[in-house]
Amino acid sequence: ADRALFELSTDKMTVSITLTEDLTANTAYGIGLGAGFVKDIFDNDFAGFKVAANLWQFTTINKVAQTITYPEITAKTYGAAAFTLGDATTDKGLTITYTAEDPMVVSIVGNQANILKAGETKITATQNGNNSTFAASAVERTLTVNKAPLTITAENKSKIYDGQVHTDFTVAYTGFVKNETAAALTGTLAFEGTATTATNVGTDYIVTPKGFTSNNYNITIKKG
């Protein structure tokens, strides 16, 4: 073996080498070394190195491959229940780690995902292996969370003629999820239409709500 192939650790307690040859698993090997390759002043043997015989001995370990089962993620809608990403462990029983590129979209505990907002993020499954198992090939999936539908409807109103503009307009909401209310929307509720300026008797005045937007809801407006 070429001395230049070996690397001595900084604490001078470990010698390592990177081999490019394919070796048989669970097999003892002996490699001849040049005289004086490794020894101390007392000619002691070190683990794996036989000074008197100029021999390096080691045994290969039979590591096994492992596989992650993690299917494509179907599109979700904001407000959907928590869901399972993939298997909790590999086919060799080692725990899989799931990591979201954007943790603002989804939180993950184990292999369970909980949607936090509408949007899109990649989620990667990894398993680094151990002394007897190789690291698994990482699996990447994309989670798409669509906005939930929300309808804002102006409620019908009537009043007795008094010559004054009606101002007590209200709306009804249909579609909020996660026990949310109008406080989850951005903006300020306002109204427009002929009903907002009408003072004469009539039955066909229209009022339409406006002013709200949302990152998590697709808003549909219905007039009253």
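A nonpolar core is here a set of buried Ala, Val, Leu, Ile, Met, Phe, Trp, Tyr and Cys residues joined through side-chain atoms within 4.5 Å. The legends below describe a predicted model.

View 1. The largest nonpolar core holds 28 residues, of which Tyr70, Leu85, Ile123 and Leu143 touch the most other members. At least two residues of this core come from each of strand 8, strand 10 (112–115), strand 11 (119–126), strand 12 and strand 13 (148–154). Once its neighbours within four places in sequence are left aside, Ile123 is in contact with a set of residues that includes Tyr70, Leu85 and Leu143, and also Tyr98, Val139 and Arg141. In the protein as a whole, which has zero helices and 17 strands, 25% of the 224 residues count as buried.

View 2. Four strands form an open sheet with mixed pairing, in the order 6-12-11-8. Strand 6 (76–77) and strand 8 (97–100) are its edge strands, each of them pairing on one side only. Strand 6 and strand 12 (residues 139–146) run parallel and are joined by two bridges. Within this pairing, Lys76 stands opposite Val145 in strand 12, while the charged end of Lys76 sits over the ring of Phe83, at 4.5 Å from its centre.

**View 3. Tyr70 and Tyr98, an edge-to-face pair.** The count of aromatic pairs comes to five. In one of these, the ring centres of Tyr70 and Tyr98 are 5.1 Å apart and the ring planes stand at 85°, so the pair is edge-to-face, planes over 60 degrees apart being counted in this way. The pair links distant parts of the chain, with Tyr70 in the loop between strand 5 (55–59) and strand 6 and Tyr98 in strand 8, 28 residues apart. Tyr70 counts as buried because its relative accessibility is 3%, and Tyr98 counts as buried because its relative accessibility is 7%. The face of Tyr70 is also the site over which Arg141 lies, at 5.7 Å from the ring centre.

View 4. Because Tyr78 lies in the loop between strand 6 and strand 7 (83–84) and Tyr217 in strand 17 (residues 217–222), the pair ties together parts that are 139 residues apart in sequence. Tyr78 counts as buried at 3% relative accessibility, and Tyr217 counts as buried at 2%. Tyr78 and Tyr217 form one aromatic cluster with Tyr173 and Phe176.

**View 5. Lys223 in the segment after strand 17.** Lys223 has its place in the segment after strand 17 and is exposed, with a relative accessible area of 56%. Leaving aside neighbours within four places in sequence, Lys223 is in contact with Ala154, Ile206, Val207, Thr208 and Pro209. For the protein as a whole, among contacts between residues at least 6 apart in sequence, 55% join residues at least 24 apart. The accessible surface of the protein comes to about 14,300 Å², and 51% of this surface belongs to carbon and sulfur atoms.

Notes: Residues are numbered from 1 along each chain as its sequence is written. This is a predicted model: local features need pLDDT of at least 70, side-chain atom pairs count only at pLDDT 80 or more; totals for chains, interfaces and linings use all residues. Side-chain values use heavy atoms; hydrogens and water are left out. Two strands pair if DSSP finds at least two bridges between them. Rings of Phe, Tyr and Trp (its six-membered ring) pair if their centres lie within 6.5 Å; planes under 30 degrees apart count as stacked, over 60 as edge-to-face and the rest as tilted. Buried means under 20% relative accessible area, exposed over 50%, partly exposed in between (1.4 Å probe, protein chains only). A charge sits over a ring if NZ of Lys or CZ of Arg is within 6 Å of the ring centre and within 35 degrees of the ring normal. Contact means heavy atoms within 4.5 Å. Accessible areas come from the Shrake-Rupley method with a 1.4 Å probe; for residues, only the protein chains shown count as cover.
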